[in-house]
Amino acid sequence: MPQHRKIIEIATPYQADANNGNWRTAHRWQSLLSRDYQVIVQGDSRMPKPDTSATSELLIALHARRSAGIIQQSRLTHPDKPIIVVLTGTDLYKDLPHDAEAQESLRIADALIVLQEDAIQHVPMPYRKKTHVVFQSAKPLVAAAKPAGKLNCVVVGHLRAEKDPSTILHIFNHLPVDAPIHILHIGSPLNTSLAEASKAKMAEDARYHWVGQLSHGLTRAAIKRSHVLLHPSIMEGGANVIVEAIVSGTPVLASEMSGNIGMLGKNYAGYFPVGDAKALAALLQKSLTDANFLLRLNIACQARAKLFLPSIERDALKNIISSLVRDI
């Protein structure tokens, strides 16, 4: 390790209280890289602090559109400082085709990072050569014993449209009333109407329970104890909760869209069409009654687990950083 550690700045457009994927990625990377570098996280990249920007050796900016201001300012005031832009789900699947600021961030960047392998095909062709896949990671946990005769499911995602909680709320319309399938839903009420719908579903069916936001430790414990993680998102850059499930011995049932395919692989058996509660209910029934199906999902997930180790994520980040600043 160098005697005087170089300074890396990570800019994210969210504060800690957002408790979302961008913020968690920034702080996980700070932890992974802090052994080798001094890492400073800026909680709101739209309002950078000039003194930090001036002293850092390299800028990592999460979100091409929301961090466009600090990306452009850094290039203007420190033209030789390398910039890495991390593309989020909103960048890849919403903003890039039409948003000029997001497109400019890609042009300015010395390197781009995507968080799952399917994302590459959604990066504009001229920028794919400077795009790197860095899978997210989580500390592996010892798998828990799961009770037989019922299916305990967990959903981890704030109540907002992109996470598609409505699909979860409609699952029980397609299941027998006596099916021993229980769903624990963890996430903040970011959308009032979705929160009201979740409360109504709890009152209607005791098998669904929304608990709001929990601590990270309690959330990981809930994932570990569950038979399956349900992940119905409409749009994802690469969900770390999938990683946390896989490295905890819990398989995933996920919507078949790019961000999930890039995490779980193209031929994974646990996909359902986006927004299709009936298809997800059928997978739950199969998971409950067909032990071989659940075993098949487990085997497939464990085959992917080696991609999601903290050491792998740290080495991938260090390799990209070293390629941009040779003496860092």
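Biologist: Hi! How far is the sulfur of Cys 301 from the closest cysteine sulfur?
Modeller: It is 14 Å away from that closest sulfur, which belongs to Cys 153, so the two are too far apart for a bond. Before we go on, this is a predicted model, where local features need pLDDT of at least 70 and side-chain atom pairs count only at pLDDT 80 or more, while totals for chains, interfaces and linings use all residues. Residues are numbered from 1 along each chain as its sequence is written, and side-chain values use heavy atoms, with hydrogens and water left out.

Biologist: Okay, how many disulfides does that rule give?
Modeller: The count is 0 disulfides, where a disulfide is a pair of cysteine sulfur atoms within 2.5 Å. As background, a disulfide is a covalent bond between the sulfur atoms of two cysteines.

Biologist: Is Cys 301 buried or exposed?
Modeller: Cys 301 is buried, at 1% relative accessible area. Buried means under 20% relative accessible area, exposed over 50% and partly exposed in between, with a 1.4 Å probe and protein chains only.

Biologist: And what about Cys 153?
Modeller: Cys 153 counts as buried too, at 2% relative accessibility.

Biologist: Switching topic: at what angle do the axes of α3 and α5 cross?
Modeller: Roughly 40°, with the axes of α3 (residues 68–77) and α5 (residues 100–108) coming within 10 Å. Axes are lines fitted to C-alpha atoms, for helices over the stretch in contact, and angles run from 0 to 180 degrees between N-to-C directions. Helices (H or I, at least four residues) and strands (E, at least two) are DSSP runs, numbered from the N terminus.

Biologist: Which residues meet there?
Modeller: From α3, Ala 68, Ile 71, Gln 72 and Arg 75 meet Glu 101, Glu 104, Ser 105 and Ile 108 of α5; contact means heavy atoms within 4.5 Å. The residues of this contact divide into 3 nonpolar, 2 polar and 3 charged. Here Ala, Val, Leu, Ile, Met, Phe, Trp, Tyr, Cys and Pro count as nonpolar, Asp, Glu, Lys and Arg as charged, and the others, Gly among them, as polar.

Biologist: Last topic: what is the phi of His 63?
Modeller: His 63 has a positive phi of about 90°, although it is not a glycine. His 63 sits in the loop between β3 (58–62) and α3, and is buried at 2% relative accessible area.

Biologist: And where does Asp 164 lie?
Modeller: Asp 164 is in the loop between β7 (151–156) and α6 (165–169). Its phi is near 50°, a positive value in a residue other than glycine, and Asp 164 is buried, at 9% relative accessible area.
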